[in-house]
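This report considers a predicted protein model.

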Amino acid sequence: MMNIRQRSATNVKRGRRGIHFSIDKRQKFVIAVLILSLGLFFTEYQLTQWGLIVTLILPFLTILFLIWAVYGDLKENKLYQVVILPFIYTFAFGFFYLLTPTTFLVHLLLTAIYAFGLYSLFLSQNIFVVSSSRTIQLLSGARIVSFVITLISYFFLTNIAFSFHVIIFPVIAVIAVYTYLLTYHSLWTYTLQKYSQPLMVWVSALTVCIIEVTSLVWFWPSSPTVTALFLTGFFYAVVGLSHIWFEKRFFKGILWEYVWVGTIVFFVLLLFTQWGKS
């Protein structure tokens, strides 16, 4: 069984034309995280029109950095699904800044959380790429990390979508797009196939289910944060149940975990409902 961990030291190669330096995957990930985190911090801390443009560019830079780091393995299996979650994660974090207090410490804390999450996400996506060709022990941990980042991204994006307070149809359309993408990526981590028609059907069915609940919650008199928390809990339940179905671990104890999560977020929604204020 091969170990995917790369050497941390910079490799120095001597040839006829002199000394050549090469960097491994982890070093590329560190460089990418530093550049993206600094870009996110400075563009959001000094929010201008140019800063918003850079915020839109950063998700695409995230894709380029990831492909740059794992291109050697990616060109063999062509599993470009790995770029979905890093793109959405950077996009969600960048625009969630707009809803946070404009203080130095808050933005510094969020940037640190973003950097840690992005580095963990890069490592997990690398594991998915490598696991498509050989079995490794870190696959289960990578799935957990990826799902946690998926839930964070879903909460941020849903909070943003409901905070605009516009008519229902464009909001539902936007939520449907990122719900489908995040659900697809999350379930894809359990198949690691380039294309699977049954998976597409499964993802479409889950997306319709989540959007139906979202449409109902739209009319619920609650704050965007509480609504986003409830929908994230519902997303966790339906996608998490799909995970254990794929793993054939559909046991009573595991099912009760998702039942409790669904019950808790529902009571949170009831508790913080602003009756008579909307």
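Over which residues does pLDDT stay under 50? That holds for residues 1-16, for which the model has 35 contacts beyond four places in sequence; a contact means heavy atoms within 4.5 Å, and pLDDT is the predictor's confidence in each residue, from 0 to 100.

## Basis and confidence

Residues are numbered from 1 along each chain as its sequence is written, and side-chain values use heavy atoms, leaving out hydrogens and water. The model is predicted: local features need pLDDT of at least 70, side-chain atom pairs count only at pLDDT 80 or more, and totals for chains, interfaces and linings use all residues.

The protein averages a pLDDT of 83, and 88% of the residues score at least 70. Among the elements, strand β1 (residues 11-15) has the lowest mean pLDDT, 47, whereas α6 has the highest, 94. Where pLDDT is low, the predicted coordinates should not be read in detail.

## Architecture

Nine helices and two strands are present, in the sequence order β-β-α-α-α-α-α-α-α-α-α. These elements are DSSP runs numbered from the N terminus (helices: H or I, at least four residues; strands: E, at least two).

Of the 278 residues, 48% are buried, that is, under 20% relative accessible area with a 1.4 Å probe, protein chains only. Among contacts between residues at least 6 apart in sequence, 72% join residues at least 24 apart. The accessible surface (Shrake-Rupley method, 1.4 Å probe) comes to about 15100 Å², of which 70% belongs to carbon and sulfur atoms.

## Largest pocket

A pocket is an open set of points on a 1 Å grid over the protein atoms alone, where a 1.4 Å probe fits, with protein on both sides within 12 Å along at least five of seven lines; lining residues have an atom within 4 Å of a point. The largest pocket holds about 320 Å³ of space. Its lining has 15 residues, and F91, L157, I160, V174 and Y178 are the closest to its centre. Elements giving two or more residues are α3 (84-96), α5 (139-163) and α6 (168-188); α6 gives the largest share, six residues. The lining comprises 15 nonpolar residues, no polar and no charged.

## Second largest pocket

The second largest pocket has a volume of about 270 Å³. Among its 15 lining residues, I144, Y190, H243, R249 and Y258 lie nearest the centre. At least two residues each come from α5, α8 (224-246) and α9 (252-271), with α5 supplying the largest share, six. This lining divides into nine nonpolar, two polar and four charged residues.

Technical notes. Buried < 20%, exposed > 50% of the residue type's maximum accessible area, 1.4 Å probe, protein only. Points joined across faces, edges and corners; volume = space filled by probe spheres on them. Nonpolar A, V, L, I, M, F, W, Y, C, P; charged D, E, K, R; others polar.
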